[in-house]
Amino acid sequence: MKITLIISINLFILIQCSFSQYPSNAAEKIVSKVTFDTIFYKSGAISKIIPFRYGKMDGEQKWYCENGDILQYINYKDDKRDGPWIEYYDYGYYKETGFYLNDARDSIWIENYYNKQIKSCLLYTSDAADE
């Protein structure tokens, strides 16, 4: 009984904290402004999912192989690449990884051969950090 009461209290506090950060209708407003374009292969499998917020690409864009495996992951913010970039080989291993900052390559970018050996490792510095 004591453990159940403690769990119930912790759950109540967790729920209250997570909802108290936002007005009651905030989730409805955010969701209503986000749309997704989904592009399909001729087979009907999903090729790309592109998120838009207020008419601009904004969020996690994902590209898929026809078999459903992820092919590429790109993050956008206000129509610009901003965040991680991950490209995969068809068998699921990383082809290229890096980071974009305000649509410019930033930080370490690693490109791998198909056999998982490193092809290149480059360091980019972006002037976008100063903006």
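The points below go from the overall layout to strands, core, charges and rings.

1. First, the ground rules. This is a predicted model, where local features need pLDDT of at least 70, side-chain atom pairs count only at pLDDT 80 or more, and totals for chains, interfaces and linings use all residues. Residues are numbered from 1 along each chain as its sequence is written, and side-chain values use heavy atoms, with hydrogens and water left out.

2. Overall layout. The protein chain has two helices and nine strands; helices (H or I, at least four residues) and strands (E, at least two) are DSSP runs, numbered from the N terminus. In sequence order the pattern reads α-α-β-β-β-β-β-β-β-β-β. Of the 131 residues, 23% count as buried, where buried means under 20% relative accessible area, exposed over 50% and partly exposed in between (1.4 Å probe, protein chains only). Taking contacts between residues at least 6 apart in sequence, 7% join residues at least 24 apart; contact here means heavy atoms within 4.5 Å.

3. Strand pairing around β4. Strand β4 covers residues 59-64 and pairs with β2 in the antiparallel sense over two bridges. β4 also runs antiparallel to β5, with six bridges joining them. For the record, two strands pair if DSSP finds at least two bridges between them. β4 and β5 make a hairpin with five residues between them, and G68 in that turn has a positive phi of about 100 degrees.

4. W63 is worth a click. Which residue is the bridge partner of W63 in β5? That partner is Q72, while K48 stands opposite W63 as well. K48 also lies over the face of W63, at 4.1 Å from the ring centre. The rule for a charge over a ring is NZ of Lys or CZ of Arg within 6 Å of the ring centre and within 35 degrees of the ring normal.

5. S47, in strand β2, is another one to look at. S47 is buried, with a relative accessible area of 13%. Leaving aside neighbours within four places in sequence, S47 touches I39, F40 and Y41, plus K62, W63 and Y64.

6. The core. The largest nonpolar core has eight residues: I50, F52, M57, I74, Y76, W85, Y100 and W109. The elements giving two or more residues to this core are β2 (46-53) and β5 (70-77). A nonpolar core, by this definition, is a set of buried Ala, Val, Leu, Ile, Met, Phe, Trp, Tyr and Cys residues joined through side-chain atoms within 4.5 Å. As background, nonpolar side chains tend to be buried together in soluble globular proteins. Beyond four places in sequence, I50 is in contact with T35, F36, D37, I39, M57 and Q61.

7. T97 and its surroundings. T97 lies in strand β7, residues 94-101. T97 and W109 are 12 residues apart along the chain, with their C-alpha atoms separated by 5.6 Å. W109 also has the charged end of R105 over its ring, 3.9 Å from the centre.

8. Salt bridges. The count comes to six, using a side-chain nitrogen of Lys or Arg within 4 Å of a carboxyl oxygen of Asp or Glu. One of them links K62 and E60, with the closest N and O atoms 4.0 Å apart; K62 is partly exposed at 27%, and E60 is partly exposed at 43%. K95 and E87 meet at 3.9 Å, N to O, with K95 partly exposed at 29% but E87 buried at 18%. E111 and K119 come to 3.6 Å; E111 is partly exposed at 24%, and K119 is partly exposed at 45%.

9. Aromatics. The count is 10 aromatic pairs. Rings of Phe, Tyr and Trp (its six-membered ring) pair if their centres lie within 6.5 Å, and planes under 30 degrees apart count as stacked, over 60 as edge-to-face and the rest as tilted. Y88, Y89, Y91, Y93, Y94 and Y114 form one aromatic cluster.
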